[in-house]
Amino acid sequence: SGRCRAACVLYMRTPPTASDASRRLALSLSAALLAAPRTAAWSAAPERESSEPELVRLYDSAASQYDSLDSGPLASALGLQALRAQATDLCRGRVLEVGVGTGLNLPLYDPGRCESLTAVDLSPGMLREARPAAAALAPRL
């Protein structure tokens, strides 16, 4: 199924050099993905490879509620905020964030280390949600 494929890809793409904590996180996320009940949005997701317009539509429709999943209690329990902080702490110079989504990472970038930040996303809905975080970051970066 699509969920199983996504869970396997998530776990298998964890680099062999990743720390034990990172591998445990990937495994936990994979298990959560497999155990999660199918939501209406999930059920609407096609089992085949999605076309770009379908992906844009799916992300646009989820944009206003996306942070409740990506920064909610499950994400907190899994330590995603700490991982975001670790990842953005590694950024230096000119930074490109591909798939900025709602901009959850934007407040975490250190303007003392990043001379510029370019953030892109396929979904106009996600970019609309990211605008306030980008506006708050703009004077600092």
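How much space lies in the second largest pocket? I put this first in my notes on the model, which is a predicted one, and the volume I found for the second largest pocket is about 480 Å³.

**Entry 1: the pocket.** I listed the lining next and counted 27 residues around the second largest pocket, with Asp70, Arg84, Glu97, Gly99 and Asn105 lying nearest its centre. I then asked which elements give two or more residues to this lining, and noted α4 (52–62), α5 (66–70), α7 (80–89) and β1 (93–98). The element that gives the most is α7, which supplies six residues to the lining. Sorting the lining by residue class, I recorded 15 nonpolar residues, eight polar ones and four charged ones.

**Entry 2: overall layout.** I went through the secondary structure and found eight helices and two strands in the protein, running α-α-α-α-α-α-α-β-β-α from the N terminus on. The protein has 141 residues, and 25% of them count as buried. I also looked up how far along the chain the contacts reach: taking those between residues at least 6 apart in sequence, 51% join residues at least 24 apart.

**Entry 3: confidence.** Before going into detail I checked the pLDDT, whose mean over the protein is 76, with 65% of the residues reaching 70 or more. Among the elements, I noted the lowest mean for helix α1 (residues 2–12), at 44, and the highest for β1, at 95. Over residues 1–14 the pLDDT is below 50, and the model gives this stretch 24 contacts beyond near neighbours in sequence. I marked a further stretch, residues 39–46, where pLDDT stays under 50 and where the model has six contacts beyond four places in sequence.

Entry 4: Which residues make up the largest nonpolar core? I wrote down eight, namely Cys91, Val95, Val100, Leu106, Tyr109, Cys114, Ala133 and Leu137.

**Entry 5: Thr102.** I located Thr102 in the loop between β1 and β2 (114–120). Is Thr102 buried or exposed? Its relative accessibility is 6%, and because buried means under 20%, Thr102 counts as buried. Leaving aside neighbours within four places in sequence, I found Thr102 in contact with Ala63, Tyr66, Asp67, Met126, Glu129 and Ala130. I also took the C-alpha to C-alpha distance from Thr102 to Pro132, which is 9.3 Å in space for two residues 30 apart in sequence.

**Entry 6: Gln65.** I looked at Gln65 as another loop residue, found between α4 and α5. For Gln65 and Glu129, 64 residues apart in sequence, I noted a C-alpha to C-alpha distance of 9.7 Å.

Conventions: Residues are numbered from 1 along each chain as its sequence is written. This is a predicted model: local features need pLDDT of at least 70, side-chain atom pairs count only at pLDDT 80 or more; totals for chains, interfaces and linings use all residues. Side-chain values use heavy atoms; hydrogens and water are left out. On a 1 Å grid over the protein atoms alone, a cavity is a set of points where a 1.4 Å probe fits but cannot get out, and a pocket is an open set with protein on both sides within 12 Å along at least five of seven lines; lining residues have an atom within 4 Å of a point. Grid points are joined across faces, edges and corners, and a volume is the space filled by probe spheres set on the points. Helices (H or I, at least four residues) and strands (E, at least two) are DSSP runs, numbered from the N terminus. Ala, Val, Leu, Ile, Met, Phe, Trp, Tyr, Cys and Pro count as nonpolar, Asp, Glu, Lys and Arg as charged, and the others, Gly among them, as polar. A nonpolar core is a set of buried Ala, Val, Leu, Ile, Met, Phe, Trp, Tyr and Cys residues joined through side-chain atoms within 4.5 Å. Buried means under 20% relative accessible area, exposed over 50%, partly exposed in between (1.4 Å probe, protein chains only). pLDDT is the predictor's confidence in each residue, from 0 to 100. Contact means heavy atoms within 4.5 Å.
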